[in-house]
Amino acid sequence: MDPRALETLRAVRTQGGVTAAADVLHLTPSAVSQQVAVLQREVGVALTERVGRGLRLTPAGEALADAALDVAVALERAQAACDGFLAAPRGTVRVSAFASAAQVLLPGLLGRAPDGIDIECADEDVAQADFVGLTDRIDIVVAHRPDGAGSWGDRVRVVPLLREPLDVAVPAGHRLAGQTSVHPADLAGEAWISVREGFPVSTVLAAVAAASGSEPRIVHRINDFHVAASLVAAGHGVSLLPRHSHGSGDDVRLLPLTGVRAGRRIDALLRPDRAERLVVRSVLGELRALAAEIDRQGSRTSFPPG
């Protein structure tokens, strides 16, 4: 079997269809369909089936996609074994991060790039469910999920980087501004500035609301913490902001929550085959070391806004 055709089948699964797979593989949809058809003729069983206007893998297709991952890992491991005899691995590693993590991690990571390795950076702030799909075109994806969220699944390797608490942001003149902490019940009836549905902070707000016994009154949905902090400062609502990357000034007070665990986990996601590459492993090691330094500094670190 052609490893490229196996890679194409995997992309159809992870990206959810032919068109999306073609986009990440830099092929035409017709070329993707042709490669899958060749595989199908070779194995002698149907690998895909129509669902409405789309396409999904059959059980046989799912099984072959799983086996294709094993093949890809074995090939990358073999290449890494050879690369280990080089004086130093050379190559390009693509890294993405959501906005606030990108501002604090990427500049430092670029400054620690190992000799012979080029790091290409991108900011990718997507819904939580879409982070795994980014690993088809990005070597290391820095993603976030709320405390208590399920795993990222068994199709990616997950390297925990750090945890960042989420605090309640209120204007300096707010009735709660003088407190050292707040309980969800203290926030009943407040106007909330939240992120869009599907993003990790919105899940935490739902947990806060459940602990308070009342639905949150969301008046604005803003994903940029810069903007959210500005609206809070101007008295247009309260918000949940990351403690170290909130971007607020003296006109906003951050209050830790009691009675509910509020925070986000920041992880590095990698496809298992790409995780075998020496250049990727080298950059991942630098990223882990950088995150560990930030984690040790804790609340003493003033992160850029995001």
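Predicted model: local features only at pLDDT ≥ 70, side-chain atom pairs only at ≥ 80, totals over all residues.
## Helix 1 against helix 3

Helix 1 spans residues 3-15 and helix 3 spans residues 29-43. They pack at an angle of about 115°, with axes 9 Å apart. An angle from 65 to 115 degrees counts as roughly perpendicular, and the two helices are therefore roughly perpendicular to each other. Their crossing is left-handed.

Helix 1 brings R4, A5, L6, T8, L9 and V12 to the contact. Helix 3 answers with V32, Q35, V36 and L39. Of these contact residues, seven are nonpolar, two polar and one charged.

## Salt bridges

The structure holds 27 salt bridges.

E49 pairs with R56, and their closest N and O atoms are 2.9 Å apart. E49 has 32% relative accessibility, so it counts as partly exposed. R56, at 48%, also counts as partly exposed.

D147 and R261 form a salt bridge at 3.7 Å, N to O. The pair links distant parts of the chain, 114 residues apart. D147 lies in the loop between strand 5 (140-146) and strand 6 (157-171). R261 lies in the loop between strand 10 (252-255) and strand 11 (263-270). D147 is buried, with a relative accessible area of 16%, whereas R261 is exposed at 55%.

Salt bridges with shared partners join E7, R10, D136, R271 and D273 into one network.

Definitions and conventions: Residues numbered from 1 in each chain as written. Heavy atoms only, no water. Axes fitted to C-alpha atoms, helices over the stretch in contact; angles between N-to-C directions. Helix = DSSP H or I, 4+ residues; strand = E, 2+ residues; numbered from the N terminus. Parallel < 35°, antiparallel > 145°, perpendicular 65-115°, else oblique. Left-handed = near helix turned anticlockwise from the far one by under 90°. Contact = heavy atoms within 4.5 Å. Nonpolar A, V, L, I, M, F, W, Y, C, P; charged D, E, K, R; others polar. Salt bridge = Lys/Arg side-chain N within 4 Å of Asp/Glu carboxyl O. Buried < 20%, exposed > 50% of the residue type's maximum accessible area, 1.4 Å probe, protein only.
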